[in-house]
Amino acid sequence: MIEVKDISKTFSLSKQQRKELGKENSGSTVQAVRNVSFNCEPGRVFTLLGPNGAGKTTTLRMIATILKPSTGSIVVNGFDTVAQGEQVRRSLGFLTGSTGLYDRLTPNETIDYFGRLNGMDEKTIKERKKYLFDLLGINSFADRRVGKFSTGMKQKVSIARTMIHDPQVVVFDEPTSGLDVIAAKSIIELIRQCKRDNKTVIFSTHIMSEVNMLADDLAIIHKGDLIYNGLFETFRSNMREQTLEDEFIRIAVEHEQSIA
Amino acid sequence: MKNIITIFKKELKDIMRDKRTLTVMLLIPLVLYPAIFVGISKYMSGQSEKAQSETVRLGIITNGNADHFAQFIANMPNTRVSDVADTTLAKEMILNDSIDVVYFFPAGYDSALAKLEPTQFNYFFTSTNNEFEVGIIENINKVYKESLVKEKLKDKQIPETILEPATPVSRNLASSREQIGSIIGGILPYFFIIFCMIGCMYPAIDLAAGEKERGSLETLLVSSASRLEIYVGKLLTVTLSGFTSAVASIVGIIISAKIIGSDPSQAAGMAQILDLLNGIMEPGSIIQMLLVLLPLNIFFAAVTLMLSIYARTFKEAQSMITPLMIFIVFPTIFGMLPGVRLDYGTALVPILNVSLGTKEIISGTAQTGPLLLTYAALFIYAAIALILSVRFFNNEKNILRG
């Protein structure tokens, strides 16, 4: 369960960043996320949809305790992300499109490392690792260094690393970006499996087909504001446009006009 | 604590598999440096042998006198003497390199000498003569002049002691370790300070900016380990790498000295240096050196990690950290200059205090007060760097700058 209550995130800007933003922002700060609230329930896939720079990654990083909200609060499985960061992280898995692995370590060493860091004992790591390696087909390259793996192989190891401690909450930050069709399919299947396992799943994307395939609940974020939050079925039945893409563009344009 | 050990062990395994770090940390100080030192020593030894066997082709234009010089030069080693007809031929022979030097004595040279009247002789040469030939020529002039003076004194029945009525005899009360230490003591800290920094540099860049660039830092931050645990695990790895590199540089120098010392022609010169290096290996000196090396390593590790975590990419971290070498090399070299000593002022200047402190530890001349102040200053600077570095690491703005 994730409860996001009225969170905002403000970043201070360096001189260089202000220069780059030009007339768009003359202040010394930028608000990446503004008064966002939503809940993610176990056994459902919560989809955060938005274009690049909308505030999706910032929101997910706050849920994962990498960033602290400037205002508001986030509770994950009953633990506050600011005051009880370690407990939150123990029950949380985080997967991005960038595999973020250590090239000089083998899958075996990588998974052992993250298992230990997540407080697991050696016996449990061994059992869980066997289950995941069998499931994902990692055994044949488990003792080879990651550096020379294909993207697909790396993504499998990355999934095993995310799931080694069997987290109750799984955060996917644009997990298929930059992946080929086969690697992307394995991620989609993982999200479905997490849902079947009654885990709380939040995933961000800007790909409409993925929303169609996976979303139970939908939140649309645009320029830091949450402009839709509800059931995906309801969203689809109330669409004024023919396609999801067109409907998303319509809502985004309306929002842009309202804040102009 | 468990997480710190887990991170430390993983980071250590990771950098030990990195060829670039291994090269800088172990291969260069342990193999390349001894190879360079031994190579230079062999070259110098060869040059010395060459100098001894070098012969100068010397011509004389006597103008019917200068018999004394002719006799003198015939007994000088490293010369091959021949008569030359005149100065025109002499110049031609020198320019076409068929002779190295021609001595020209004017008519009446002998009679002027006999009357103790001022006179002169000339010698033609080219400034392109090699340094061995120039040395031999200068020695001929010096010895010839001395022989003339002695002969004249003898003629006048004046004892030679008039040239040096009293001979100053110096007695250096400094121990052999102090004497050699003051000469080469400055070189050792130069090596280990530089290697200390280089040993920290690459792992720090790889473990912070490198991880950031590869995207693995984000996944590490989402693990149950706290930021402080992650930081300490990385800091310990970088510190150990710098320390290993510094120690390897000292071992490399000892290996070089032993190899050079095993050469019979070099053994005499190297014996004292080997004694000095063995002296450094005494427990007292080791403890004193470790007290300098430990805070210095922590200081370097904290600073390099701080800059590396701020950098967006591996390349940016390299360009930020590499210029630091100037701030390290300059005070280190300054510490090698004669007359610069460890006192209550220099003990407070970072890097310079390490250079001077180590030099005096090696020489065995370190004074307790300035040395203790050096330790205190180094630990304080390391603590400040550490505090700033931890704050830097905890600041999400730096850690996610990209």
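Residues are numbered from 1 along each chain as its sequence is written, while chains are lettered from A and ligands numbered from 1 in the order in which they are written. Because the model is predicted, local features need pLDDT of at least 70 and side-chain atom pairs count only at pLDDT 80 or more, whereas totals for chains, interfaces and linings use all residues; side-chain values use heavy atoms, with hydrogens and water left out.

**View 1. Overall fold of chain A.** The secondary structure of chain A comprises 10 helices and 10 strands, taken as DSSP runs numbered from the N terminus (helices H or I with at least four residues, strands E with at least two). Along its principal axes the C-alpha trace spans about 55 × 45 × 35 Å. Buried residues account for 53% of the 260 residues in chain A (buried is under 20% relative accessible area, exposed over 50%, partly exposed in between, with a 1.4 Å probe and protein chains only).

**View 2. Surroundings of A:Asn108.** A:Asn108 belongs to helix H4 (residues 107–117) of chain A and is buried, because its relative accessible area is 18%. Its side chain makes a polar contact of 2.8 Å with that of A:Lys129 (a pair of N or O atoms within 3.5 Å; within protein, one must be able to donate a hydrogen and the other to accept it, and residues adjacent in sequence count only if both atoms are side-chain atoms). Leaving aside neighbours within four places in sequence, A:Asn108 is in contact (heavy atoms within 4.5 Å) with A:Lys129, A:Phe133, A:Ala142 and A:Asp143.

**View 3. Surroundings of B:Gln318.** In chain B, helix H13 (residues 314–321) contains B:Gln318, which is partly exposed, with a relative accessible area of 25%. Residues up to four places away in sequence not being counted, B:Gln318 touches B:Tyr202, B:Ile205 and B:Pro323. From B:Ala114, B:Gln318 is 204 residues apart in sequence and 75 Å apart in space, C-alpha to C-alpha.

**View 4. Helix H2 of chain B at B:Ile40.** B:Ile40 is found in helix H2 (residues 19–53) of chain B, and its relative accessibility of 44% is why B:Ile40 counts as partly exposed.
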